[in-house]
Amino acid sequence: MFACIYHQSVSENDRGENAPSESLVDRAFTFSPLVEQTSVDTVVLDIEGCDLMFAAKPGFSEALSSEADAIRQRAAEFGFRINVAIAANPDAAIHVARNISDVTMIPAGAELTHLGKLSLKAIDYLLAGIETDRAVELRETLTLWGVRTFGELAKLPLKGIAQRLGPEGVRLQKLAQGKSERPLVLVQLRPGFEQAIELEHPVTELEPLSFILSRLLNQLCANLNAEALATNELRLRMKLVNRTEH
């Protein structure tokens, strides 16, 4: 199962900025380690197994509903206005979250029930691996055919689609049907390199301080070496006896 989070509040002016998308991704990682950042305003989570997180609930659908409510609540704490869609197909979840407000639960096999009435203008050609120039051609052809919605495209004969629009048309139709197949393009967390120690007693001499710093530095260098990384800058933070940071 997949949950898509769509951030309604990202404006056109923000779409080139990193801050909104990074915040959205950070929130997503609190629910699943498997996260795709589809665009600056859209993330998808693999939530398979979330029923174990909500074991007290009587059924899987109730668990998913609790998961969606938890996502919305966490987003609200950070001032996000979001839509959430949960489906067995990630691309179906993406299209529904982007176009239907609040929380939408999509049972497996019922994707077209939710997608069918959506305008074909809302379809994301990139999810079908279709480049911009080819997408323009397909859009013009479908307009000439009078195809206006996901449902109308989904119901066209597969053989005719394949003959007239080629493999891109077939992939586009599967997208409209909510039957596309692809793995998530997972966000890779950047490794953090930080060592810390809390002392029971203040250090007043340089020699014991150097011993402590040496211990932390050795571990830090070992972690960097394990990632085949190097650095030319280290930052040291210490708290004085009166607990102020220095």
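These legends describe close-up views of a predicted model.

**View 1. Asn-83 in strand β4.** Strand β4 covers residues 82–87, and Asn-83 lies in it. The residue is buried: its relative accessible area is 4%, and the cut-off for buried is under 20%.

**View 2. Polar contacts of the Asn-83 side chain.** Two partners are shown here. The side chain of Gln-8 makes a polar contact of 2.5 Å with the side chain of Asn-83. The backbone oxygen of Ile-100 is reached by the Asn-83 side chain at 3.4 Å.

**View 3. Residues around Asn-83.** Arg-98 is 15 residues from Asn-83 in sequence. In space, the two residues are 7.1 Å apart, C-alpha to C-alpha.

**View 4. Helix α6 from end to end.** Helix α6 spans residues 132–144 and has 13 residues. From first C-alpha to last, α6 reaches 19 Å. That is close to the 18 Å expected at 1.5 Å a residue. Just after α6 comes Gly-146, with a positive phi of about 80 degrees.

**View 5. The buried face of α6.** Ala-135, Leu-138 and Leu-142 are buried in α6. Seen down the helix axis, the buried residues fall within an arc of 65 degrees, so they line one face of α6. An α-helix has 3.6 residues a turn, so residues three or four places apart point the same way.

Note on methods. Residues are numbered from 1 along each chain as its sequence is written. This is a predicted model: local features need pLDDT of at least 70, side-chain atom pairs count only at pLDDT 80 or more; totals for chains, interfaces and linings use all residues. Side-chain values use heavy atoms; hydrogens and water are left out. Helices (H or I, at least four residues) and strands (E, at least two) are DSSP runs, numbered from the N terminus. Buried means under 20% relative accessible area, exposed over 50%, partly exposed in between (1.4 Å probe, protein chains only). A polar contact is a pair of N or O atoms within 3.5 Å; within protein, one must be able to donate a hydrogen and the other to accept it, and residues adjacent in sequence count only if both atoms are side-chain atoms. The expected span of a helix is 1.5 Å times one less than its number of residues. The arc is that of the directions from the helix axis to the C-beta atoms.
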